[in-house]
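Subject: Structure for your files, with notes

Hello,

Here is the structure I said I would pass on. My notes follow below it.

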Amino acid sequence: MMLALEVKNLRKTYANGVEALKGINLEVAEGDFFALLGPNGAGKSTLIGIVSSLVRATAGETLVFGTSVQRERSRAMSHIGLVPQELNFNMFEKPFEIVANQAGYYGIPRKIANARAEKYLRQLQLWDKAFSISRTLSGGMKRRLMIARAMVNEPRLLILDEPTAGVDIEIRRSMWEFIEQINADGTTVILTTHYLEEAEQLCRNIAIIDHGSIIENTGMKSLLSTLDIETFILDLREPISAAPQIEGMNLVLRDGITLEASLPKKKSLNFLFSELERQDIHVRSMRNKANRLEELFLGLVEKNNDGKNPGGKKAVAGVAP
Amino acid sequence: MNARINWVGYQTIVRKEITRILRIWGQTIVPPAITMSLYFIIFGELIGRRIGDMGGFTYMEFIVPGLVIMSVITNSYGNMVSSFFGAKFGKHIEELLISPLPNWVILCGYVTGALVRGLMVGAVVLMISLLFTHLQVKHALVTISVLLLTAIVFALAGMINAIYARKFDDIAIIPTFVLAPLTYLGGVFYSISLLPPFWQKVSIVNPILYMVNGFRYGILGVSDVSLLQTYGVIISAGILLFTWCMWLLHKGTGLRT
């Protein structure tokens, strides 16, 4: 199996002494749709910076399709397309110029570059703005412009660092469709996002990074299967005065007509509904309290923090442990 | 394969730079044309008539080469520093930093852009000067080579300034406190033979003196310094600054963390 990305014992200590990466190892297979998650300041952007050669590693090696970023930068970079977290295009240039010029930096002749710029601007629904000044684009358009720019060299590895931040749900969904299609066509995709629903829906494999270390690296399905308890919010048809008692489940009455039910994995929803029905409680609608991945993510990060700070939350809150 | 990528990449940077120069022509071409027209009117016409001949030429004829090269120096430096620092400040320099292009191609692309701006402004100033005086180029090869080499040297100097700069103030300090005094004291408006011996010796360490005089030799056939010294200083400065730029780009100073 060809690896799109191989990270070996990667360390990064910034000049101010901050140790952003503490010797991480990571593999992303060719064709994968990979989620790289972590809280703010966990080291995700540093890792992406090293892979895209914007940040220099203190130690370790990064291989992109077998080519070392540290030793053969130019060759390694020819495989990568990057959508960074911050807007980083010239706001006074036109989208068409931005995308076509980026193709030129990858050695794509002007005629082909222009055709590709048109193709990706059209695919990302930006063609009608192709010759407007970029700073006049909306936030969502600017994000899509960066995706078009990253795609113009038709990279084998596309890295998306929070591509949908601040984008409304409709545009976000159209961006997901575009990225899914790119992945289906063979491009390996690495995605960082704070919308965990996005990662759960799109990605097949996942790594969670916290305090510069990888604390989880597995398949999405296998990670989700480790979730022991799922919590649902039930909207009731009529108000009730107290939470019902059901064996093996924890039910809490949030207000008169909203019930929160935590179910262990071994208990079925059918059992919950039949028990409620038996107690003459009727459910009007139901939803997950939190996204499943979100619950796992928070659990893992909290566990990692507890390990690093045995005083736990009390110490953070300033109360003597 | 690599040569083709590098060549297309270089062309793209140059195209982008020229587009930028033309897009903001009101900031890049017009101001130096107005400033130099004022120099020609005030120094050449009004004051120059009272000064009389210098080096066997009217004062207007004498200052034209200096003013042309001065505008080339200022604009090639200014283009590089504002364009490269602007790209760094706006983070769109990352478009190039994540591309496969090697540092020397990026440097050559930006230097060519700065060279084009310097030559465009130089040509405009030269055309304006023809409204005030009649000129004949004595040594075309010297004129062209000194012009090109000088623009390259100051484009490279602008790159170093842009790499070290962290804020917009940092790109204004060198042109104001170093470049302008050296240019004005570089023999644009006078022959150093008019200076007392001590100040003549001081002037000799000013590299701009050699560029101004080299260019003046190309057009008028007179110079305060030898042609060998002129080329020696310009080429040495070019090699030194190119090496410095490449070292900074290799280290990633101010660009890669």
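How many residues does the contact take from chain B, and how many from chain A? The contact takes 22 residues from chain B and 25 residues from chain A. Please keep in mind that this is a predicted model.

The interface, chain B side

On the side of chain B that touches chain A, the elements giving two or more residues are helix H1 (2-23) and helix H5 (94-97) of chain B. H1(B) supplies the largest share of that side, seven residues. By residue type, the side of chain B that touches chain A divides into eight nonpolar, eight polar and six charged residues.

One residue of helix H5 of chain B is Glu94(B). Glu94(B) counts as buried, because it has 22 C-beta neighbours inside 10 Å and the cut-off for a buried residue is 20 or more. Leaving aside residues up to four places away in sequence, Glu94(B) touches Leu54(A), Pro84(A) and Asn88(A). Glu94(B) is 16 residues from Gly78(B) in sequence, and their C-alpha atoms are 21 Å apart in space.

Met77(A) belongs to helix H2 of chain A, which covers residues 73-77. Is Met77(A) buried or exposed? Met77(A) is buried, because 25 other C-beta atoms lie within 10 Å. If residues up to four places away in sequence are not counted, Met77(A) touches Ser53(A) in chain A, and Ile98(B), Ser99(B) and Pro100(B) in chain B. Between the C-alpha atoms of Met77(A) and Val64(A), which are 13 residues apart along the chain, the separation is 8.1 Å.

Chain A as a whole

Chain A has eleven helices and 14 strands. The C-alpha trace of chain A spans about 75 × 45 × 40 Å along its principal axes. Of the 321 residues in chain A, 39% are buried. Among contacts in chain A with a separation of 6 or more, 65% are between residues 24 or more positions apart.

Chain A is divided into domain 1 (3-224) and domain 2 (229-292). The centres of these two domains of chain A, taken over C-alpha atoms, are separated by 41 Å.

Within chain A, helix H3 (residues 95-105) contains Ala100(A). With 26 other C-beta atoms within 10 Å, Ala100(A) is buried. Ala100(A) touches Ala113(A), Asn114(A) and Ala117(A), again not counting residues up to four places away in sequence. Ala100(A) and Arg110(A) are ten residues apart along the chain, and 7.4 Å separate their C-alpha atoms.

A helix pair in chain B

Two packed helices are described by the angle between their axes and the distance between the axes. In chain B, helix H4 (residues 59-89) and helix H10 (residues 207-220) pack at an angle of about 130°, and their axes are 9 Å apart. H4(B) and H10(B) are therefore oblique to each other, because the angle of about 130° falls between the 115 that ends the roughly perpendicular range and the 145 above which helices count as roughly antiparallel. The crossing of H4(B) past H10(B) is right-handed.

Which residues meet there? From H4(B) they are Glu61(B), Pro65(B), Gly66(B), Val68(B), Ile69(B) and Ile73(B). From H10(B) they are Ile208(B), Met211(B), Val212(B), Phe215(B), Arg216(B), Ile219(B) and Leu220(B). The residues of this contact of H4(B) with H10(B) divide into ten nonpolar, one polar and two charged.

Regards

Key: Residues are numbered from 1 along each chain as its sequence is written. Chains are lettered from A and ligands numbered from 1 in the order in which they are written. This is a predicted model: local features need pLDDT of at least 70, side-chain atom pairs count only at pLDDT 80 or more; totals for chains, interfaces and linings use all residues. Helices (H or I, at least four residues) and strands (E, at least two) are DSSP runs, numbered from the N terminus. A residue is buried if 20 or more other C-beta atoms lie within 10 Å of its own, exposed if 12 or fewer, and partly exposed in between; C-beta atoms are placed from the backbone. Two residues are in contact if their C-beta atoms, placed from the backbone, lie within 7 Å. Axes are lines fitted to C-alpha atoms, for helices over the stretch in contact, and angles run from 0 to 180 degrees between N-to-C directions. Angles under 35 degrees count as roughly parallel, over 145 as roughly antiparallel, 65 to 115 as roughly perpendicular and the rest as oblique. A crossing is left-handed if the near helix is turned anticlockwise from the far one by less than a right angle, and right-handed if clockwise. Ala, Val, Leu, Ile, Met, Phe, Trp, Tyr, Cys and Pro count as nonpolar, Asp, Glu, Lys and Arg as charged, and the others, Gly among them, as polar. Domain bounds come from an automatic or database domain assignment.
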